[in-house]
Amino acid sequence: MNLSHLTGRERTVVLFFLSLTAAYGVILLLAVAGLVFEAPGLTGSSTVSTALGLAVPVILAGLGGLIAERAGVFNIGLEGMMILGTWGAGYLGWHYGPWGALVGGLLGGIVGGALLALATVTFAIEQTVAGVAINIASLGICRYLASIFFDGKGSEGDLGTIADSPSVRNFETRFSVPFIGDPLLELENKQWFLLSDFAGVIRGLTVDMAWSTFLLLLFVPAVWYLVWRTPFGLRLRSSGEKPAAAESLGVNVITTRWAALLMSGGLAGLGGAWLVLDSLKYQQGMTASRGFLGLAAMIFGNWMPGLLTIGALLFSFSQSVGFQLGFESRALIGAVGFAFCLGALWSIGTKRFISGAIAIIMGFGVLLFAATNKTINDSLTKALPYLLTIIVLAVASKRQRPPAAAGIPYIKGQAG
Amino acid sequence: MNNLKKSLTPAVLALGLAFALASLVLIVSGHNPLDAYRAMWKNFASFDGVITSINVGARYYVAAAAVAIALKMNVFNIGTNGQYQIAAMFAAVVGAAIKLPAPLHVAVTLTVAVAAGAAWASIIGILQVTRKVNPVLTGIMLNGIAASVIAYLMQSPWTNFRDPGRPEYGSTRPIPKSGQLPVFKIGNDAVLQSYVVLAVLVGVGFYLLVYRTRFGFDLRASGANPSAARSAGVDPKRMMIITMLLSGACAGLIGMGIVLSSNDQLAYGDRFPGGLGFAGIGIALLGRNHPIGVAAAALLWAALDQGARGLVTVGIPGEIAVILQGSLLFIAVIVYAVWERKTIAATIREAAARTHAARTAEATA
């Protein structure tokens with residue numbers, strides 16, 4: 001859709017109503033699927049609030065990837081930075097409580113970001129290579145540190161091991177938007193089509209939220225503001241689009257990219273801190289590829305914070321549905337089937353008959369699967385988030401526009 | 001000779017720096033680095049230790065070759081971790097189900113592994129070519145999906161790959177004698193797997209394909225300069241698909257030493273090691289994607305693994321080996337890049353000086 005002829009404010013209004021319509025459409029789709037496949041929990045507040053929480057580390061990793069790539073560095077080391085963040089959060093969280101965990105995650109991630117900056121900005125080496133090296137190295141670093149600082153430490157009955165820390169305290173209260181919780185709960189329990197679904201979704205997004213979720217989600221608008229509304233953001237984006245031109249205009253590309261990578265690492269590390277506060281301790285391997293999923297969300301979101309958040313929510317929602325005990329998984333698969341059929345109608349409406357035919361075959365196939373399998377095998381449920389991410393990337397990737405200089409090492413003085 | 005020195009110097013430099021860093025870490029955490037290295041050396045430098053390192057190094061080599069061949073085209077196949085596990089499971093199932101005379105049985109099983117690995121990897125190539133999906137991300141997602149697919153096929157009542165006779169292993173049925181790769185007993189209990197020969201063949205094939213064929217030239221050209229290769233008539237889409245097929249085929253062989261050698265498991269199951277694909281990435285980068293460099297890196301990696309097992313005896317965490325591997329990799333990629341830039345700059349300077357000298361000679365004449 002081309003909105004370029006509108007003024008900034010008009011565009012904001014149009015986008016606002018578009019996203020409201022989209023949200024309405026998604027909830028309608030889920031409500032229908034929940035009704036057809038006997039799974040009211042699909043839009044239940046518990047599914048939604050779990051999904052919102054699980055999205056946080058993916059969103060933060062994605063924001064980290066966004067800042068790095070907007071500055072011109074492809075950061076595949078996010079996973080490693082998040083791992084370093086989990087260790088830092090485990091250590092400082094164990095000693096100083098929840099705020100300590102957040103600081104520890106931030107610091108751990110920044111260390112990872114500094115390593116990547118040293119390799120890719122100062123020494124200008126291949127960015128993917130350096131990122132992969134950080135992912136491998138961070139595993140060893142954390143295991144070694146855990147063997148010294150966690151193994152056998154802590155109090156009686158709460159001893160750390162090489163694979164996990166002693167327990168970490170979380171914030172004692174949780175965040176709720178005042179006054180709306182009870183009426184929404186009442187409405188949700190009525191099981192009225194669509195109205196109760198809306199109540200469930202809104203309640204899931206506003207009531208009984210972990211403080212870490214609430215605080216860390218504030219980074220979505222913060223990163224948007226930093227990158228698109230400040231002088232630093234302008235320098236950052238110019239380093240990622242045309243570094244030579246930026247340098248000839250007086251932007252220090254090297255410093256800008258260093259700053260971007262420190263922030264990138266810090267954000268990924270905060271994602272790790274969220275995981276530690278959620279599990280109440282550091283565990284080896286607790287990031288489970290979320291750093292990579294953040295990258296996927298960033299690409300899905302076309303290097304924009306808002307869309308990135310939606311991508312991460314899509315992933316975490318399918319994961320959260322997998323945790324539900326009823327028929328929710330097959331209802332979600334059914335919803336995907338419906339979505340394919342709608343996509344087919346859209347394709348045929350715009351005269352793209354081949355894509356339409358493919359979509360309709362896939363749609364009916366998926367619906368048939370959902371109709372014939374009441375419960376979905378546990379291992380398939382676990383694959384669902386990855387599968388959906390691939391499908392979404394396959395649908396979305398062709399229209400993407402990454403920053404022009406992302407992934408290309410820059411050597412100072414290239415402007416000549 | 002000069003060439004060898006040129007490529008060895010940065011490697012030795014990186015190794016020295018990595019050991020220095022690891023020593024620093026050891027000293028800071030209150031251990032004597034010399035004690036640690038002595039214990040590691042002691043555990044490695046026995047007949048048994050060296051043979052084990054070679055057996056494990058062969059796996060690492062094949063894992064790294066799978067990554068390196070794709071990296072020659074600048075494509076990151078991060079999905080080898082899923083590819084080799086899928087391949088190992090299917091090969092183990094087929095290998096246990098068929099009855100054939102010895103060499104043929106092994107050949108069929110290996111073919112199944114190669115085909116399964118290539119098929120799983122081809123998804124990455126197809127999605128990149130048709131839908132422009134970033135291959136790194138597809139690879140990561142497919143690793144996650146592979147784990148689920150394996151868990152599903154192992155336990156599903158329709159396929160039921162699990163051996164009901166050995167529930168404690170959670171493995172496929174064992175492979176009969178005719179389907180096994182032979183092993184060579186050396187000395188008392190050291191056992192050299194013939195899988196090592198397979199790994200050497202993979203290396204030779206890799207070298208011939210990449211450096212001695214038209215396809216290999218196109219592959220390297222596409223990696224070095226995609227637009228130049230395209231204008232020279234190399235179809236990037238076709239290259240992408242073939243590269244992923246080759247890389248996946250190679251990845252399919254990673255687990256075959258474990259599945260088909262009689263001193264290992266002879267099946268695919270819960271005890272099958274899960275991180276060889278990721279190790280292969282590091283080893284490929286360390287060996288600079290060259291068949292010989294990768295071989296040295298694989299053996300070094302395996303030797304560090306083997307040495308680390310000796311650290312328990314002196315009360316030092318074995319994880320120092322992982323730190324060594326990780327920091328070695330990180331330092332090595334930096335040193336290689338800086339070294340290469342310096343060599344290129346020196347060559348340019350030398351050429352410039354030669355031109356200048358020739359010009360002055362001309363002017364004076």
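Modeller: A helix here is a DSSP run of H or I at least four residues long, and a strand is a run of E at least two long, each kind numbered from the N terminus. The model is predicted, with local features needing pLDDT of at least 70 and side-chain atom pairs pLDDT 80 or more, while totals for chains, interfaces and linings use all residues. Residues are numbered from 1 along each chain as its sequence is written, chains are lettered from A and ligands numbered from 1 in the order in which they are written, and side-chain values use heavy atoms, without hydrogens and water.

Colleague: In which helix of chain A is the place of Gln127(A)?

Modeller: Gln127(A) counts as buried because its relative accessibility is 2%, where buried means under 20% relative accessible area, exposed over 50% and partly exposed in between, with a 1.4 Å probe and protein chains only. Among the residues that Gln127(A) touches, leaving out those up to four places away in sequence, are Phe74(A), Arg257(A) and Pro409(A), a touch or contact being heavy atoms within 4.5 Å. The place of Gln127(A) is in residues 127-149 of chain A, helix 4.

Colleague: Within what arc do the buried residues of helix 8 of chain A fall?

Modeller: Helix 8 (residues 219-229) of chain A has Val220(A), Val223(A), Val227(A) and Trp228(A) buried. Seen down the helix axis, with directions taken from that axis to the C-beta atoms, these buried residues line one face of helix 8 of chain A, because they fall within an arc of 105 degrees.

Colleague: Which residue of chain A meets the side chain of Glu319(B) in a salt bridge?

Modeller: Chain B and chain A bury about 3,500 Å² between them, this being the accessible area (1.4 Å probe) that the two parts lose on being put together, summed over both. Met141(B), Glu319(B) and Phe330(B) supply 18% of the area that chain B buries against chain A. The count between the two chains is one salt bridge, defined as a side-chain nitrogen of Lys or Arg within 4 Å of a carboxyl oxygen of Asp or Glu. At 2.9 Å, N to O, the side chain of Glu319(B) meets that of Arg143(A).
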